[in-house]
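User: I have a model open and want to go through its packing. Can you take me through it?
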Amino acid sequence: MNNVLSRYIAENINGDMNLSENDMINYNVKKFNETIEQSKKSDFYSKKLKDIKNIKYLKAIENIPFTSEDEIRENYKKMLCVSIGDVERIVHINTSGSTGKSKTIFFSKKDLEYTVNFFRYGLSQFSEKNDKMLILMPFKNENSVGDLVAKAVCRYGVKPLKYGIVKNFDHALESLKISDSIVGDPVQIQALARYMKFHNINIKLKGILTSSDFILKKTVLEIEDAFQCKVYNHYGLTETAYGGAVECDCHSGMHPRENDIYLEIIDPFTGKIVKDGDFGEIVITTFNREAMPLIRYKTGDRGRFLKKRCACSMNLKCLDYISGRIKREKDRFNIYKMDGLIFADKTVLDYKFEASADSADISLITFSPESINKNDIEKIIRQNFITDNLNINIKTFLPDEINYSEFHNGKRKIHNI
């Protein structure tokens, strides 16, 4: 069963649908060499990879050194491979790194065009000409992720409803009522689903794509039940020019955009590549990137390749749902695990977790504060995390009591203060 997404990836690798394992190997070797050559136009990689010559076989990539988040923070200007006049977009990513510095990523017009094409084919799996797609993603700047999604769907006749981040649930529902599909953050879409159920509102959609955050499989089922359609999970990073991997119609895992990105799963402690089916750290190499190619970049995300190939019959890998971040020694809490504990209460729309050395402050957005048992939540957290001598404070807010769009001020995470 070949579908539009797998055909797009395969045809951009070898020009037809007959994609063999050898085709994939040859393509990846070729693209690694092209990417190494392009990256050496930068001061950073010309020094870092000075001893790396053309690779002859795929296993040789294990001799290429990794690129770290800290290296991007410290050397982003030296990683630019084109003139600043050829840079179409610059993105600064606020992180919780120990240095306090943001990561800066450069994109050329061509880099962004590859992403728009990937979005086009991924989104066309559940939308068609004359549909309306509600986009719950940032539109603050041109070529932001929401803007790229809008450009992509316009190419096949879908009207983008450029909503942005949800600020008010009742206002968002008015746009949702005239939509055929949604693209957005899974927690916000789950919140809308819960808000609808609480107010006995029924809306049926053609499909939903979730992106920009980790998602639990039980969250997928809840969203599918609420909107009576399938959810297509997407994994992407700013470092991948937003597009990374997305489910096809078979829903047997996410297909990486293997024509533009090479993914590895490594043991985060040894750096060795793990077997399919084993969890490890996701490492990316960006093919076809002009402005700022990244080679063997350690994302810090925890994931795995599934052993079983997809029913779409293409010789493409399948990435399982991302299961959080690789644990660091200083991390006491895991947001992926925390989601499972707090969102088990279906009156909770969202939450914010701020931890210091001796306290944890939890803010819950809920449409039913009286139903929240703070003692039970505290007990569950203490049972699942190391919380000795930690004072846990829990506050509840109604949706209209808080500025929801500024609740996280960036990607959701455990805030260490």
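Analyst: One term to begin with: contact here means heavy atoms within 4.5 Å. Keep in mind that this is a predicted model. In that sense, the buried residues of H9 pack against helix H7 (169-176), strand E5 (181-184), H8, E6 and strand E7 (230-235).

User: Which residues in H9 are buried?
Analyst: They are Thr219, Val220, Glu222, Ile223, Glu224, Ala226 and Phe227.

User: What follows H9?
Analyst: Gln228 does, and its phi is positive, near 55°.

User: Now H10. What do its buried residues pack against?
Analyst: Their partners are helix H9 (217-227), strand E13 (348-355), strand E14 (359-366) and helix H11 (374-384). The buried residues themselves are Ile335, Met338, Asp339, Gly340 and Ile342, in a helix that covers residues 335-342.

User: E14 came up there. Where is Ser359?
Analyst: Ser359 sits in strand E14.

User: Buried or exposed, and why?
Analyst: Ser359 counts as buried because its relative accessibility is 16%, and the cut-off for buried is under 20%.

User: What does Ser359 touch?
Analyst: Leaving out residues up to four places away in sequence, Ser359 touches Glu354, Leu390, Asn391 and Asn393. Asn391 is 32 residues from Ser359 along the chain, yet their C-alpha atoms are separated by 4.4 Å.

User: Changing topic: at what angle do H5 and H6 pack?
Analyst: Helix H5 (residues 109-123) and helix H6 (residues 145-154) pack at about 60°, with axes 8 Å apart. The two are therefore oblique to each other. The crossing of H5 past H6 is right-handed.

User: Which residues meet there?
Analyst: From H5 there are Leu112, Thr115, Val116, Phe119, Arg120 and Leu123; from H6, Val145, Leu148, Val149, Lys151, Ala152 and Val153. Sorted by class, this contact has nine nonpolar, one polar and two charged residues.

User: And H1, how does that cross H5?
Analyst: The axes of helix H1 (residues 4-14) and H5 cross at roughly 145° and come within 8 Å. H1 contributes Val4, Leu5 and Tyr8 to the contact, while H5 contributes Tyr114, Asn117, Phe118, Tyr121 and Gly122. The classes here are six nonpolar, two polar and no charged residues.

User: Back to Leu123. What does it touch?
Analyst: Not counting residues up to four places away in sequence, Leu123 touches Met133, Val149, Val153, Tyr156, Val183 and Leu209.

User: Which residues of the largest nonpolar core touch the most other members?
Analyst: Leu123 is one of them, along with Met133, Leu319, Phe353 and Leu364, in a core of 102 residues. The largest share of this core comes from H6, with six residues. Apart from this core lies another, of 31 residues, including Ile189, Met196, Cys229 and Leu349.

User: Last one, Ile201. Where is it?
Analyst: Ile201 is in the loop between helix H8 (186-198) and strand E6 (207-210). Its relative accessible area is 26%, so Ile201 is partly exposed.

User: What does Ile201 touch?
Analyst: Ile201 touches Leu173 and Met196, again not counting residues up to four places away in sequence. For Ile201 and Leu173, 28 residues apart along the chain, the C-alpha atoms are separated by 9.4 Å.

Notes: Residues are numbered from 1 along each chain as its sequence is written. This is a predicted model: local features need pLDDT of at least 70, side-chain atom pairs count only at pLDDT 80 or more; totals for chains, interfaces and linings use all residues. Side-chain values use heavy atoms; hydrogens and water are left out. Axes are lines fitted to C-alpha atoms, for helices over the stretch in contact, and angles run from 0 to 180 degrees between N-to-C directions. Helices (H or I, at least four residues) and strands (E, at least two) are DSSP runs, numbered from the N terminus. Angles under 35 degrees count as roughly parallel, over 145 as roughly antiparallel, 65 to 115 as roughly perpendicular and the rest as oblique. A crossing is left-handed if the near helix is turned anticlockwise from the far one by less than a right angle, and right-handed if clockwise. Ala, Val, Leu, Ile, Met, Phe, Trp, Tyr, Cys and Pro count as nonpolar, Asp, Glu, Lys and Arg as charged, and the others, Gly among them, as polar. A nonpolar core is a set of buried Ala, Val, Leu, Ile, Met, Phe, Trp, Tyr and Cys residues joined through side-chain atoms within 4.5 Å. Buried means under 20% relative accessible area, exposed over 50%, partly exposed in between (1.4 Å probe, protein chains only).
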